[in-house]
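Hello,

The structure we talked about is below. My notes on it follow.

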Amino acid sequence: MENGTEATQFILLGLTDDPALQGDLFVTFLIIYIITLAGNLGMVLLILLDSRLHTPMYFFLGNLSLVDFCYSSAVTPKVMAGLLGGDKLMSYTACTTQMFTFATCADVENYLLALMAYDRYSAISKPLHYATHMTTRACVCLTIGCYMCGLLNACVYTGNTLSLSFCNSNIVRHFFCDVLAVMVLSCSDRHINELVLINVASFNMFFALLIIVISYTIIFITILKMRSAAGHQKALSTCTSHLTAVSIFYGTLIFMYLQPGSSHSMDTDKIASVFYTMVIPMLNPMVYSLRNKEVKSAFAKVVFKAK
């Protein structure tokens, strides 16, 4: 691209140029995507069909599954198209759309995980008030709040990036239009834009983590005060799946964004990005269903009816 000319399209370098490895990656990502679609849409369907799952916890889980489906679909199909046909071009509009969709889903998931921690806190630490606190109206309002925060933050990330000029290069050294990967292509002074991005993203992540940490601290104090072993077991079992999902999601983000600059590399970023854009959306339904008797029972009921 000539200097001084604004970019109208971007070229995604992708994961590899090795044809043999591209074929293997395509098959791997196709399997991951099919499992992601089946797991997340299946979870949403189960929750809608089984009245026993019409509770706040499963309402939030259904929304998490829906977000994971959108999260993965914003990135994976384009990556597979690039691996299969070598199509690495992406228009300015398509890149912006992918950036906005991905940022929205990531932030909504961030706040949904915090909301689910608060739900567990209400159920375990204040069981007598749970029904009055977590009403249908409250659950809907809190969930809408998560989506609104996600949309607002995505507007900030995307608008902050698009306010820059792209006249030096249009080669994105990534496999999707990640905000940071696109921002570094700018020929403008991006110092302020990077500060805005880092500060807003850090606030969102650490605010949600603060809610989760406070919620689980109170939960564990409550569990320690329980005299019944059965009560201990029941309380812990309702938290295990969520804690696993939280650990995977935030562990990956912290590894990617808070590692020292000297150890930061594009290859490491790509591997971490594959994990949080494709693998995490596939794992979440498994995490919430493998040790969950209610989900297993609902699935068995649906299968039995189908027969």
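Helices here are DSSP runs of H or I with at least four residues, strands are runs of E with at least two, and both are numbered from the N terminus. On that basis the protein chain has 11 helices and 3 strands, and from the N terminus on they run β-α-α-α-β-α-α-α-β-α-α-α-α-α.

This is a predicted model, in which local features need pLDDT of at least 70 and side-chain atom pairs count only at pLDDT 80 or more, while totals for chains, interfaces and linings use all residues. Residues are numbered from 1 along each chain as its sequence is written, and side-chain values use heavy atoms, with hydrogens and water left out.

Overall dimensions: the C-alpha atoms of the protein chain fill a box of roughly 70 × 50 × 35 Å along the principal axes. Of its 307 residues, 44% count as buried (under 20% relative accessible area, with a 1.4 Å probe and protein chains only; exposed is over 50%, partly exposed in between). Of the contacts (heavy atoms within 4.5 Å) with a separation of 6 or more, 78% are between residues 24 or more positions apart.

Is Met 282 buried or exposed? Met 282 is buried, with a relative accessible area of 13%. Leaving aside residues up to four places away in sequence, Met 282 touches Ile 32, Ile 35 and Thr 36. Ile 32 is 250 residues from Met 282 along the chain, yet their C-alpha atoms are separated by 6.6 Å.

Regards
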